[in-house]
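Okay, thanks for having me, everyone. Let me put the model up on the screen, and then I'll walk you through a sheet, a helix and the cores.

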Amino acid sequence: MTQTLLSSLTTAGVGGPAARYVEARTEAEIIDAVRTADAAGEQVLILGGGSNLLVADGGFAGTVVKIASEGFTVNAEDSCGGVAVVVQAGHNWDALVEHAVRHAWSGIEALSGIPGATGGTPVQNVGAYGADVSQTIAAVRTWDRQRNAVQTFTNSELKFGYRDSILKQTTVEGSPRYVVLTVEFQLPLGRMSAPIRYAELARALGVEVGQRAYSNDVRREVLRLRASKGMVWDAEDRDTYSTGSFFTNPIVPAQTAERLPADAPRFPAGAAGMVKLSAAWLIDRAGFGKGFGLEPDSVSGGRASLSTKHTLAITNRGGASTDDVLAIAREVRRGVADRFGIELHPEPLLIGVEL
Ligand SMILES: Cc1cc2nc3c(=O)[nH]c(=O)nc-3n(C[C@H](O)[C@H](O)[C@H](O)COP(=O)(O)OP(=O)(O)OC[C@H]3O[C@@H](n4cnc5c(N)ncnc54)[C@H](O)[C@@H]3O)c2cc1C
């Protein structure tokens, strides 16, 4: 029997074999695969595009269920309510964004170029350039493994936060209680984008923060900016063999932020008395520049390093193991803690390994 390696299913290209591997192409197949594994008492790992996962070199001892359901259904489309589109969990996220922009469905254009499947987007409330999916998700239909029943969550029930949701909070060791089957988006109709919330993107578009632009232009500029940072998956570019941002931006009390140098970026955190910092800035200023780790005598033997385009991504330069990636992550995390007294937390799900 041929072994399925997680390294062939993840964008970082690391991770050992799956003890059992099932590809589920429909909602019924997803439920069936999960139910069968649960009934047999096996561990279950749900895998979408594998772009936010770091799995141990020893592999995964249970069943890996690859969510491969595709397509979407437009339930309603009118100029008043916009479009209600129900998307299968395995549908490629950027293909949906491209379709939306082409058909003048507004609201997700700033999330262009994020790898992975649509079912993964509500899990960590995927976001970029001041937008996130909580702004457009109406409902998420799931399979509740605890109750053995379908459960639908409305937007407010999903308890979205910064890179967080109830789906992530109830995930243990990468094994979610709720398996996403479909995601329903409510998108206004029109060629204009949602208001631009990010200064770098507004500058690129020649508009003020808070103004709108043509969604086509937003998608083009976002893809260009992301590619310049190695944040659009590209098999030819080793800087994209990553999990995207390895660390979340730390949210700290205002007094902690005050102790940082004056030029440290600070953003509103959405909670009183708290401030969001830039993990990329902290990493860079702690002495870990772009490409840190590339030297053959580094902790990763040069096989894993910070991206040469962005300090927040840890990349596989070819032949890296999960341990190599973690070695860089540990060094960076320790350096930032020593220099600034701030603890960085990983963004990807760590399966069978700890930082
Ligand atoms: C180059 C690059 C750039 C990136 N840029 C961004 C960015 O700008 N913003 C951002 O937020 N993220 C970014 N990411 C991270 C990642 O692309 C997103 O988090 C994406 O939504 C993950 O989807 P996925 O299908 O690949 O999930 P996977 O990596 O397969 O899974 C991630 C987690 O979600 C769970 N999961 C996946 N599908 C389901 C499902 N159907 N039901 C229940 N649980 C599920 C998995 O069990 C796992 O715990 C980037 C990654 C890369 C490699």
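When I say strand, I mean a DSSP run of E of at least two residues, while a helix is a run of H or I of at least four, and both are numbered from the N terminus. Two strands pair if DSSP finds at least two bridges between them.

Quick housekeeping: this is a predicted model, so local features need pLDDT of at least 70 and side-chain atom pairs count only at pLDDT 80 or more, though totals for chains, interfaces and linings use all residues. Residues are numbered from 1 along each chain as its sequence is written, and side-chain values use heavy atoms, with hydrogens and water left out.

Zooming out, the order is β6-β7-β14-β10-β11, an open sheet of 5 strands with antiparallel pairing. β6 (72–78) and β11 (149–154) are the edges; each has a single partner strand, so one side of each has no neighbour in the sheet.

Now the helix. α1 (residues 27–39) packs on the sheet and touches β10 (137–144), β11 and β14 (178–187). Contact here is heavy atoms within 4.5 Å.

Which residues of α1 are buried? They are Glu27, Ile30, Ile31, Ala33, Val34 and Ala37. Down the axis of α1, the buried residues fall within an arc of 165°, so they line one face of the helix; that arc is taken from the directions from the helix axis to the C-beta atoms. Over on the other side of α1, Ala28 and Ala39 are exposed. Buried means under 20% relative accessible area, exposed means over 50%, and partly exposed is in between, using a 1.4 Å probe and protein chains only.

Last, the cores. A nonpolar core is a set of buried Ala, Val, Leu, Ile, Met, Phe, Trp, Tyr and Cys residues joined through side-chain atoms within 4.5 Å. The largest one has 53 residues, and Trp93 and Phe185 touch the most other members. β14 gives the largest share of this core, 7 residues. Beyond its neighbours within four places in sequence, Phe185 contacts a list of residues including Val83, Val85, Trp93, Leu96 and Ile137. There's also a second, separate core of 36 residues, with Phe246, Leu277, Leu306 and Leu312 among them.

Terms used
Axes are lines fitted to C-alpha atoms, for helices over the stretch in contact, and angles run from 0 to 180 degrees between N-to-C directions.
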